[in-house]
Amino acid sequence: MEITMMMYLIPSLIMFGCGVYGFITRKNMIAILISLELMLNSVDINFTVFNRFLFPGQMEGMFFTLFAIGIAAAETALAIAIVINVFRAVNKVDIRELTKMKF
Amino acid sequence: MESVGNIVMYFIIAIAIIVFSVLTVTSRKILRSATYLLFVLFATAGIYFQIGYEFLGAVQIAVYAGGIMVLFVFSILLTSRPGNSAERLTAHKKWLGLTAAIAGVGVCGYSLLSYGELMARNMSVNLNVDIQRIGEALLSTDKWGYLLPFEAISILLLACIIGGVVIARKR
């Protein structure tokens, strides 16, 4: 039995589907952020797998994943700062109750 | 022909990814879903190690599992009481999410399956991503060099640090 490219892409596809489901159904802002991380992570897997199986001599997919991980870290840090600031202002993180942009 | 250990490892990683990512979005306790996300990130690092990108797997563990998860756990503990669980989903919202997710997965899965020949490709053995080659590519200005994105991301991280301090400081 051989491990083909498809066998790496299918878990990543299911991970992306879970991310979409969580992004739509979750109410807590941090839970939405967690779903977003799932989606980003599955895309990273796709980049490296395509790089490895189709162009093993080059490193483009690997570098794209490297920079995507860095940007995802920056984005999460900033988003959590915003979430904590919102929590400090209105004392909740539920998106149904955050309808006012100003405080 | 792959070795048996490799195939067993692949199935462990794939099943862990599928099970834990489903649990991440369905668990009603937010701290638990963050923990399941940690397991998904570890399994992803396992994929990187398995297909030969050791440096990428190390970065994944250091940045995601070490940095981002700490941020998540801290912010969860700051914004919600441990033991609180989210209320049950309404049927309308659940169907909406399931429809969107299954439609997306269906379209992507169909397009994957339609590339049958390409997708059945095996890993070639000649992979050379040693750390010296990565470092030289990261800091070179040649055709396959990445100095400009490297500098751009350093500016981005600086802006992110300043933005985080400005947003989260006490007024």
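Trainee: What makes 46% of the 103 residues of chain A count as buried?

Mentor: Happy to start there, keeping in mind that this is a predicted model. A residue is called buried if 20 or more other C-beta atoms lie within 10 Å of its own. Of the 103 residues in chain A, 46% count as buried.

Trainee: Why is chain A called more spread out than a compact globule?

Mentor: Set the two values side by side. For 103 residues the globule rule gives 13 Å, and the radius of gyration of chain A is 17 Å, well over that, so the chain is more spread out than a compact globule. Along its principal axes, the C-alpha trace spans about 55 × 25 × 15 Å.

Trainee: Which pattern does chain A follow along the sequence?

Mentor: The pattern reads α-α-α, with 3 helices and 0 strands in the chain.

Trainee: What share of contacts in chain A between residues at least 6 apart in sequence joins residues at least 24 apart?

Mentor: That share is 46%. A pair counts as a contact when the C-beta atoms lie within 7 Å.

Trainee: Now for the partner chain. How many residues does the contact take from chain A and from chain B?

Mentor: Chain A gives 57 residues and chain B gives 69 residues. On the chain A side, the elements that give two or more residues are α1 (5-25), α2 (29-54) and α3 (60-90). The largest share, 20 residues, comes from α3(A).

Trainee: How do the residues of that side of chain A divide into nonpolar, polar and charged?

Mentor: There are 41 nonpolar, 12 polar and 4 charged residues on the side of chain A that touches chain B.

Note on methods
Residues numbered from 1 in each chain as written. Chains lettered and ligands numbered in written order. Predicted model: local features only at pLDDT ≥ 70, side-chain atom pairs only at ≥ 80, totals over all residues. Contact = placed C-beta atoms within 7 Å. Helix = DSSP H or I, 4+ residues; strand = E, 2+ residues; numbered from the N terminus. Nonpolar A, V, L, I, M, F, W, Y, C, P; charged D, E, K, R; others polar. Rg over C-alpha atoms; globule rule 2.2 N^0.38 Å. Buried ≥ 20, exposed ≤ 12 C-beta atoms within 10 Å, placed from the backbone.
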